[in-house]
Amino acid sequence: MIDLDSKLGDVKAAYDAPEPTGMTMNDPGARLRLSHSTLELLHSCERKLQKIKLLHNPYAKEDTPATVFGKAYGAAAQLYMILRTMGETSAVALESAIWEAFIKYTPFLEDEQRFLERLIFCLEAAVPFHEQKLMEWEIATFNGKFAAELSFCLNINEKYYYVGYLDLVLRNRRTKRYAVTDYKTTAMRGEDLTPNYKYSDQVIGYSIILDAIAGEQLADFDTNYWVNQISGSSKTSLYEPKFHSYTFPKTLRDRFEWFTKIYLDVNYLQTLEPLEAYPRRASCKAFNRVCQFFNDCQFTSSDLPAAYVEDTTDYQFTYELDDLFQDHQRRLNILMTTAGV
Ligand code: SF4
C-alpha cells in the first residue's frame with residue numbers, strides 16, 4: 001500500500017502518538033489531514049480513502065518492504081548530502097548515512113527485492129552519484145539551517161488541510177536556479193523513467209516553501225527527482241542499482257494549477273461527505289498486493305466513524321490556501337502584464 005503521510009513523520013508518530021480527543025471524524029470540529037498520498041488514494045478508490053481516513057480501521061497501518069526501504073534510503077541519502085556539505089569526508093558521511101538507514105529501517109520488513117543488506121549496498125553505490133550532484137548543486141539555507149526535511153501545513157478550510165515534507169531545496173551552482181528535490185526508490189523496470197515523474201505534482205506542491213527561501217520574485221524553479229532504481233531480483237541485478245536524476249523546469253503557473261487541483265479535490269470530498277457515498281473502484285490489486293479491505297469492503301452496516309486524533313505536529317511553515325491562491329493570481333497577472341500578454 002502507498003505511504004499515507006509523511007516520510008519521516010510515521011517514525012515519529014510511533015513514539016509521540018497523541019491521545020484520542022473523545023471526538024470522532026464525524027464531529028464538526030474534526031479536521032482531515034490530506035497529503036499527496038492521501039489524494040492519490042482518493043483518485044484510486046474513494047471507498048479505500050473512507051476506510052482508512054474516516055472509518056474505524058481494525059487493521060494495522062499497512063507498512064510494506066517498499067515503503068520502509070524507500071523511507072530509510074531517502075533519509076540516509078539526505079544525511080549524506082548534508083554531512084558532505086558540512087565538510088565531512090565521504091567515508092564519514094557514508095558511515096553516518098548507513099547508521100541512519102539502520103535506525104530508519106523500521107518496522108523491519110523485507111522481501112526478495114528490498115532488504116537491509118541491499119539498502120546498505122545502494123547507499124555505497126550511490127556515493128559517485130551524490131559526489132557528482134554535490135559538484136552541480138548546493139543545499140540552500142533557511143534561517144541559518146540547511147533546507148532539508150522541511151514540513152509545511154496548508155490550511156484549505158476549517159475541516160481540510162494538506163501537509164507535506166520536502167527532502168531538499170538545492171541551488172544550482174552554475175545557473176543559480178532553485179530546485180525542490182525528492183528522493184525516490186522504485187522497482188519499476190525501464191531505462192527512461194521520465195514519464196513517471198515529469199508531470200507528477202507532488203514536488204510542485206512542496207515548492208510553496210520556496211517563496212520563504214528564495215523570495216517571492218522567483219517565478220521559475222526546478223523539480224528534481226533523484227531515483228534509486230532497484231528493479232530485478234536476479235543475483236546480478238540485486239547488486240546493480242541504477243541512479244537517475246530528472247530535472248523539470250516549473251513555473252508559478254504550475255503551482256497555481258496545483259492549488260486549483262487541491263480546491264477541486266476538496267470540493268469533491270465535500271460533495272461525498274453528506275451523501276456518505278464513497279465509490280468503489282477496481283483498484284483492489286496494486287503492486288501485486290490485494291487491498292486489505294477486499295473481504296469486507298461491501299459491508300457498510302459495520303462502518304463506524306474513526307476516533308479523531310488531533311494533529312499536534314509543529315509544522316515549520318503554515319499557509320492559507322485562499323491567501324496563496326490570490327497572491328499567485330496577482331503575481332501571474334503582473335508577469336503577464338510585464339510580458340505584454
Ligand atoms: S477492496 Fe477494492 S473497492 Fe474495496 S476499498 Fe479496497 S480497492 Fe476499494
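**Exercise 1.** Identify the residues through which α4 meets α6, and classify them.

*Solution.* Step 1: contact requires C-beta atoms, placed from the backbone, within 7 Å. On the α4 side this gives Phe69, Ala72, Tyr73, Ala76 and Ala77, and on the α6 side Leu119, Cys122 and Leu123. Step 2: Ala, Val, Leu, Ile, Met, Phe, Trp, Tyr, Cys and Pro count as nonpolar, Asp, Glu, Lys and Arg as charged, and the others, Gly among them, as polar. The contact of α4 with α6 then has eight nonpolar, no polar and no charged residues.

The model is predicted: local features need pLDDT of at least 70, side-chain atom pairs count only at pLDDT 80 or more, and totals for chains, interfaces and linings use all residues. Residues are numbered from 1 along each chain as its sequence is written. Helices (H or I, at least four residues) and strands (E, at least two) are DSSP runs, numbered from the N terminus.

**Exercise 2.** Describe the packing of α4 with α5, and state why the pair counts as roughly antiparallel.

*Solution.* Step 1: axes are lines fitted to C-alpha atoms, for helices over the stretch in contact, and angles run from 0 to 180 degrees between N-to-C directions. For α4 and α5 (residues 90-104), the angle is about 155 degrees and the axes are 8 Å apart. Step 2: angles over 145 degrees count as roughly antiparallel, and α4 and α5 are therefore roughly antiparallel to each other. Step 3: the residues of this contact divide into 14 nonpolar, two polar and four charged.

**Exercise 3.** Which residues of α2 are buried, and what covers them?

*Solution.* Step 1: a residue is buried if 20 or more other C-beta atoms lie within 10 Å of its own, exposed if 12 or fewer, and partly exposed in between, with C-beta atoms placed from the backbone. In α2 (residues 36-44), His36, Thr38, Leu39, Leu41 and Leu42 are buried. Step 2: their cover includes β2, α3, β7, α9 and α12. Step 3: in α3, the buried residues are Lys48, Leu49, Gln50, Lys51, Ile52 and Leu54, and these pack against α2.

**Exercise 4.** Determine the class composition of the shell around the ligand.

*Solution.* Among the surrounding residues are Lys48 and Lys51, together with Arg280, Arg281 and Ser283. Step 2: the shell has six nonpolar, one polar and five charged residues.

Notes
Contact = placed C-beta atoms within 7 Å. Near = placed C-beta within 6 Å. Parallel < 35°, antiparallel > 145°, perpendicular 65-115°, else oblique.
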